[in-house]
Amino acid sequence: MVDRDVAGLGAARAIAFVAPALLLIAVFLVFPALWTLYIGITDYQLTGPAAARPSVVGAENFTRALADPLFANSLGLTALFVLGSAVIGQNVLGFGLAWLLRGVRPRLRRVVEAFVLLAWILPGPVVALLWFAVLSRDGGTLGLLLDRPATAWLVEYPMASLIVFNTWRGTAFSMLLYSSALAVVPPSHLETARLLGASGPRVVRDVVFPHIRGHMLTNTLLISLWTANDFTPFLLTAGGPNHESEVLPVLIYRQALEGGQLGYASALSLLLLVGNLLVALGYLRLLRRRA
């Protein structure tokens with residue numbers, strides 16, 4: 001029989017070592033998830049009689065959400081936001097920067113990486129304020145550069161503005177991950193491809209991508225989940241105008257705190273969680289197939 005106590009700690013000591021981590025997981029992950037599930041099947045509200053004595057309504061909140069045009073609108077906008085700013089924007093820009101920075105001087109590479117990282121590590125409200133200055137109708141930097149000083153970019157092009165903003169802000173993670181991934185590509189393979197006359201795009205497609213496809217899937221999974229749950233768009237557009245940029249986290253916030261419908265908002269949160277789980281399972285299945 002195989003001895004499972006390899007470290008020789010004993011069951012009691014092993015449990016004692018992992019107990020703090022399990023306690024934190026239970027308090028900050030398991031309990032909130034179960035509490036959200038409970039609230040999602042009630043008519044719990046922020047104020048009024050239902051705040052003190054909520055009633056169990058079963059699946060009513062979920063069926064209401066599936067028939068709600070605002071939920072359908074937010075679901076589509078969230079998919080567009082994730083596809084445009086994460087799957088395409090951050091992936092392409094992050095890989096492009098990592099690829100271009102391979103051959104530059106170390107000092108220049110560190111400077112570029114520092115500026116890209118700065119956009120990622122700055123607090124959301126600070127970044128939102130900076131982008132207000134860029135996209136403002138009154139003397140905004142972008143309007144002045146394009147000779148369109150009176151253009152209200154966040155009103156006329158809300159989703160395009162959010163996609164560009166999130167791409168700019170979140171590219172740092174993809175750049176760092178792809179920089180590490182490119183380090184495992186054998187230089188001899190790249191040199192052989194060049195000697196055979198392969199162009200830059202063909203080298204990337206036929207030599208680089210096969211070596212880093214696992215990293216690509218992992219990166220896409222992480223940035224997709226982060227973007228789907230990102231609340232920063234609220235700081236720029238608050239879901240407006242006329243719900244045109246109301247992604248799911250913003251819709252949940254407005255239903256819970258502006259509308260006071262905590263039960264319905266919790267049901268929306270659970271639907272978002274289920275969507276995240278389905279996306280994660282899809283990516284993990286692709287990752288196993290390509291392993």
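**Helix 6 and helix 9**

I looked up the handedness of the crossing of helix 6 and helix 9, and this crossing is right-handed (the near helix is turned clockwise from the far one by less than a right angle). Helices here are DSSP runs of H or I with at least four residues, numbered from the N terminus. The model is a predicted one, in which local features need pLDDT of at least 70, side-chain atom pairs count only at pLDDT 80 or more, and totals for chains, interfaces and linings use all residues. Residues are numbered from 1 along each chain as its sequence is written, and side-chain values use heavy atoms, with hydrogens and water left out.

I then took the geometry: helix 6 (residues 124-135) and helix 9 (residues 158-182) pack at about 130°, their axes 12 Å apart. Axes are lines fitted to C-alpha atoms over the stretch in contact, and angles run from 0 to 180 degrees between N-to-C directions. That makes helix 6 oblique to helix 9 (under 35 degrees is roughly parallel, over 145 roughly antiparallel, 65 to 115 roughly perpendicular, and the rest oblique).

I listed the contact (heavy atoms within 4.5 Å). Helix 6 brings G124, V127, W131 and L135, and helix 9 brings S161, V164, F165, W168 and R169. By class, this contact of helix 6 with helix 9 has six nonpolar, two polar and one charged residues. Ala, Val, Leu, Ile, Met, Phe, Trp, Tyr, Cys and Pro count as nonpolar, Asp, Glu, Lys and Arg as charged, and the others, Gly among them, as polar.

**Helix 5 and helix 9**

I checked helix 5 (residues 106-121) next; helix 5 and helix 9 pack at about 130°, with axes 6 Å apart. That makes helix 5 oblique to helix 9. Helix 5 passes helix 9 in a left-handed crossing. The contact residues include E113 and W120 of helix 5 and W168 and R169 of helix 9. I noted nine nonpolar, three polar and two charged residues in the contact of helix 5 with helix 9.

**Salt bridges**

I searched the whole structure and found four salt bridges (a side-chain nitrogen of Lys or Arg within 4 Å of a carboxyl oxygen of Asp or Glu). One joins D206 to R202, the closest N and O atoms being 3.6 Å apart. D206 and R202 are four residues apart in helix 11 (residues 200-228), so about one helical turn separates them.

**Whole chain**

I counted 14 helices and zero strands in the protein chain. The mean pLDDT (the predictor's confidence in each residue, from 0 to 100) is 88, and 96% of residues reach 70 or more. Confidence is lowest in helix 10 (residues 187-195), at a mean of 78, and highest in helix 4 (residues 69-100), at 95.

Definitions and conventions:
Helices (H or I, at least four residues) and strands (E, at least two) are DSSP runs, numbered from the N terminus.
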